[in-house]
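Me: I would like to go through the labels attached to this model one by one, and to ask in each case what value stands behind the word.

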Amino acid sequence: MNSVRRQTGRTLNYPETGATRLGPLPAGYHHLHHTARIGRGRAAFEAAGTAVTTWRMHRGTGARVHTAARRAEPGARLTVSAGLGPLRFTAPCEVIWTAYERDRTGFAYGTLTGHPECGEESFIVDIRDDGSVWFTVMAFSRPATWYTRLAGPLVPVLQKAYAGRLGHTLREIAAP
């Protein structure tokens with residue numbers, strides 16, 4: 001059965017919807033803020049923004065993304081999975097907000113019931129006045145399953161490593 005279809009009836013599993021856009025990040029969660037310079041110029045910005053909003057960035061890290069949406073739009077549902085064989089974790093999400101602006105592109109998704117964590121994560125590419133292009137991941141999360149609770153302090157370390165991998169992947173995509 002298609003994993004996106006299995007999301008019917010799932011709901012967001014946290015109340016602070018949109019906090020990655022409006023801030024501040026809510027208390028009671030682990031906070032992640034990762035920023036990396038990924039390139040320079042309008043062409044790098046456009047390439048990176050497209051890769052973020054069409055799931056190419058996630059797929060470039062080896063993650064599987066299943067969705068009917070061609071690009072990030074509020075309300076779009078997707079599953080992201082990573083790992084190998086029986087150690088593959090599936091994470092159902094819903095796009096909460098998007099930014100398709102002249103100098104800023106990206107989106108945030110929130111976790112749905114059945115996700116190993118609860119919270120929200122945003123992925124933003126921006127071009128600064130000096131022409132440098134930056135990628136930012138901002139998230140708040142806490143365990144929602146027994147195995148993420150058991151993993152304890154290892155989960156934030158893995159999340160930070162994954163954010164770094166996303167930035168590296170995006171830097172390769174944005175390179176001329």
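Me: Why is Trp55 called buried?

Reply: The model is a predicted one, and in it Trp55 has a relative accessibility of 2%; because buried means under 20%, Trp55 counts as buried. Trp55 is found in the loop between α2 and α3 (56–60).

Me: What is the phi of Trp55, and why is it worth a remark?

Reply: Trp55 has a positive phi of about 75° although it is not a glycine.

Me: Which peptide bond is called cis, and what is its omega?

Reply: The bond that joins Gly23 and Pro24 is cis, with an omega of about -15°, and Pro24 is found in the loop between α1 (19–22) and β1. Most peptide bonds are trans.

Me: Why is Tyr100 called partly exposed?

Reply: Tyr100, which lies in strand β4, has a relative accessibility of 33%; since buried means under 20% and exposed over 50%, with partly exposed in between, Tyr100 counts as partly exposed.

Me: Which residues have the most contacts inside the largest nonpolar core?

Reply: They are Phe123, Val125, Phe135 and Leu170, in a core of 32 residues. Elements that give two or more residues to this core include β1 (30–40), α2 (42–53), β6 (117–127), β7 (132–143) and α5 (154–174). Beyond its neighbours within four places in sequence, Leu170 is in contact with Ile38, Ala48, Ala51, Val52, Met57, Val125 and Phe135. A second, separate core of eleven residues includes Leu25, Ile96, Ile124 and Phe140.

Me: What lines the largest pocket, by class of residue?

Reply: The lining has 18 nonpolar, ten polar and three charged residues, and about 900 Å³ of space lies in the pocket. Of the 31 lining residues, Ala82, Phe89, Val155, Leu158 and Gln159 lie nearest its centre. Among the elements that give two or more residues to the lining are β3, β4, α4 (146–151) and α5.

Note on methods: Residues are numbered from 1 along each chain as its sequence is written. This is a predicted model: local features need pLDDT of at least 70, side-chain atom pairs count only at pLDDT 80 or more; totals for chains, interfaces and linings use all residues. Side-chain values use heavy atoms; hydrogens and water are left out. A nonpolar core is a set of buried Ala, Val, Leu, Ile, Met, Phe, Trp, Tyr and Cys residues joined through side-chain atoms within 4.5 Å. Buried means under 20% relative accessible area, exposed over 50%, partly exposed in between (1.4 Å probe, protein chains only). Helices (H or I, at least four residues) and strands (E, at least two) are DSSP runs, numbered from the N terminus. Contact means heavy atoms within 4.5 Å. On a 1 Å grid over the protein atoms alone, a cavity is a set of points where a 1.4 Å probe fits but cannot get out, and a pocket is an open set with protein on both sides within 12 Å along at least five of seven lines; lining residues have an atom within 4 Å of a point. Grid points are joined across faces, edges and corners, and a volume is the space filled by probe spheres set on the points. Ala, Val, Leu, Ile, Met, Phe, Trp, Tyr, Cys and Pro count as nonpolar, Asp, Glu, Lys and Arg as charged, and the others, Gly among them, as polar.
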